[in-house]
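The following note sets out points for a colleague reading the structure shown below.

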Amino acid sequence: MDILTCLGIGLAGGVLSGLMGVGGGIVLIPLMIIFLKMTQHQAQGTSLAIIMLSLVSMLVYYKKGHVNLGIAALIGVGFILGGLIGAYVATSLPDHILKKIFAVFLLIVALKMLFFK
């Protein structure tokens with residue numbers, strides 16, 4: 001493990017997350033797969049561990065009045081249940097299938113952002 005590579009990936013993910021609100025799935029997972037040679041499963045699991053650290057950047061938004069805690073709490077309840085279901089499904093899939101599903105998801109998001117309101 002190269003410490004500078006890990007710090008660079010974290011810096012890129014942190015800047016983009018704070019700037020655009022994107023999560024680890026869009027930024028960190030591809031970077032960990034490419035530069036750290038992680039499997040899709042390893043990158044996704046590691047990204048989930050990093051999510052809890054986004055509390056620090058959320059506090060900046062909160063202090064400026066840009067966080068709706070009520071909505072966050074409700075979505076969070078669904079996120080917990082969905083996260084459990086998704087984790088069980090993902091860990092039962094072969095890595096190459098999971099990687100393809102992830103790539104299709106990113107492609108759909110990119111196309112929607114480019115061509116639709």
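1. The secondary structure of this predicted model amounts to six helices and zero strands. Read from the N terminus, the order of the elements is α-α-α-α-α-α.

2. As to overall dimensions, the C-alpha atoms occupy a box of roughly 40 × 35 × 30 Å along the principal axes. Among contacts with a separation of 6 or more, 49% are made by residues 24 or more positions apart.

3. On burial and surface, 14% of the 117 residues count as buried.

4. One helix pair may be considered in detail. Two packed helices are described by the angle between their axes and the distance between the axes. Helix α3 spans residues 40-51 and helix α6 spans residues 95-115; the two pack at an angle of about 60 degrees, and their axes lie 8 Å apart. Because roughly perpendicular begins at 65 degrees and roughly parallel ends under 35 degrees, α3 is classed as oblique to α6.

5. Which residues form the contact of α3 with α6? From α3 come Q40, H41 and Q44; they meet D95, L98, K99 and F102 of α6. By residue class, this contact comprises two nonpolar, three polar and two charged residues.

Note on methods
Residues numbered from 1 in each chain as written. Predicted model: local features only at pLDDT ≥ 70, side-chain atom pairs only at ≥ 80, totals over all residues. Heavy atoms only, no water. Axes fitted to C-alpha atoms, helices over the stretch in contact; angles between N-to-C directions. Helix = DSSP H or I, 4+ residues; strand = E, 2+ residues; numbered from the N terminus. Parallel < 35°, antiparallel > 145°, perpendicular 65-115°, else oblique. Contact = heavy atoms within 4.5 Å. Nonpolar A, V, L, I, M, F, W, Y, C, P; charged D, E, K, R; others polar. Buried < 20%, exposed > 50% of the residue type's maximum accessible area, 1.4 Å probe, protein only.
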